[in-house]
Amino acid sequence: MTLSISPVLNSANQSVSSLSTQQQPQVTDAEMMQAVRTLLIGLGENPDREGLKDTPKRVMKALKFLTKGYHESLDELLNGAVFTESADEMVLVRDIDIFSSCEHHILPIIGRAHVAYIPNGKVIGLSKIARICEMYARRLQVQERLTLQIADALQGLLKPKGVAVVVEATHMCMVMRGIQKPGSWTVTSAMRGVFSDDPRTREEFMNLIRHNANFH
Ligand SMILES: [Zn+2]
């Protein structure tokens with residue numbers, strides 16, 4: 001399944017970014033743990049048996065870790081790592097590991113992101129590109145929005161000549177339940193600027209990220 005997100009969706013930026021902010025939590029850790037305990041009882045389990053005694057706490061902590069991107073911001077993450085540079089060739093970071101959680105089932109989305117941009121006077125530290133992907137991945141997500149958020153972040157930060165983001169991922173909610181389709185990959189893309197306007201530039205990017213033999 002391939003979903004292409006055209007730049008026309010730029011007008012949705014407002015709602016995309018508003019989804020990335022979260023208010024202060026309204027519940028305590030104890031209330032969260034109580035909710036996990038309730039889930040366990042609902043599943044027919046005995047939350048007081050030895051193996052499950054600490055499960056509410058572990059689940060609460062794991063979920064907080066997996067969604068810690070809500071508490072990170074681009075400003076903090078970049079820490080000034082945007083530099084003036086006259087380079088104008090494509091910069092590509094491929095095969096960035098993505099560990100996200102789907103917002104419909106809170107089950108893992110596992111995959112890779114490939115991110116490219118063509119500078120227009122500014123560049124960013126390469127490791128920061130992976131950190132931007134991680135910040136948005138560590139939230140409850142749909143893959144389409146994750147892809148857009150990465151593209152929009154780079155577009156906003158660098159005002160480059162173009163940005164291209166492709167995310168390939170497998171969704172555990174599809175693999176383990178529902179249609180139970182192991183091996184199904186969802187591919188989403190967001191193209192901005194020259195990657196959207198110039199088929200040759202887009203083609204160059206797509207060739208560079210083409211799968212190697214040991215990637216399925
Ligand atoms: Zn899901």
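The structure is a predicted model, in which local features need pLDDT of at least 70 and side-chain atom pairs count only at pLDDT 80 or more, whereas totals for chains, interfaces and linings use all residues. Residues are numbered from 1 along each chain as its sequence is written.

The pLDDT, the predictor's confidence in each residue on a scale from 0 to 100, averages 88 over the chain, and 86% of the residues score at least 70. Over residues 1-20 the pLDDT is below 50, and this stretch has 22 contacts in the model beyond near neighbours in sequence, two residues being in contact if their C-beta atoms, placed from the backbone, lie within 7 Å. Nine helices and eight strands are found in the chain. Of the contacts in the chain with a separation of 6 or more, 71% are accounted for by residues 24 or more positions apart. Buried residues make up 27% of the 216 residues; a residue is buried if 20 or more other C-beta atoms lie within 10 Å of its own, exposed if 12 or fewer, and partly exposed in between, with C-beta atoms placed from the backbone.

Strand S3 is also joined to strand S4 (residues 108-118), to which it runs antiparallel, by nine bridges. Here Ser-101 stands opposite Pro-108 in S4, and in the hairpin of the two strands, with five residues between them, Ile-106 takes a positive phi near 50°. Strand S4 in turn pairs with S7 in the antiparallel sense over ten bridges, with Ile-109 standing opposite His-171 in S7. Strand S7 is mostly covered, since nine of its ten residues are buried. Eight bridges then join S7 to S8, again in an antiparallel arrangement, and Ala-169 stands opposite Thr-186 in S8.

In the loop between helix H7 (172-175) and S8 lies Trp-185, which counts as partly exposed because it has 15 C-beta neighbours inside 10 Å. Although Trp-185 and Ala-169 are 16 residues apart in sequence, their C-alpha atoms are 5.4 Å apart in space. When residues up to four places away in sequence are not counted, Trp-185 touches Glu-168, Ala-169 and Thr-170.

Helix H6 (residues 143-158) has 16 residues that should span 22 Å at 1.5 Å a residue, and the distance of 23 Å between its end C-alpha atoms agrees with this; the expected span is 1.5 Å times one less than the number of residues in a helix. Because twelve of the 16 residues of H6 are buried, this helix is largely enclosed by the rest of the structure. Among the buried residues of H6 are Arg-145, Leu-148, Ile-150, Asp-152 and Leu-154. Lys-159, which follows H6, has a positive phi near 45°.

The buried residues of H5 are Lys-128, Ile-129, Ile-132, Cys-133, Met-135, Tyr-136 and Ala-137, and what covers them includes helix H4 (74-78), S3, S4, strand S5 (122-124), S6 and H6.

Leaving aside residues up to four places away in sequence, Ala-164 touches Ala-116, Met-191, Phe-195, Arg-202 and Phe-205.

Helix H2 (residues 29-42) has 14 residues and reaches 20 Å from its first C-alpha to its last, close to the 20 Å expected at 1.5 Å a residue. Leu-39 has its place in H2 and, with 14 C-beta neighbours inside 10 Å, counts as partly exposed.

Key: Helix = DSSP H or I, 4+ residues; strand = E, 2+ residues; numbered from the N terminus. Pairing = 2+ DSSP bridges.
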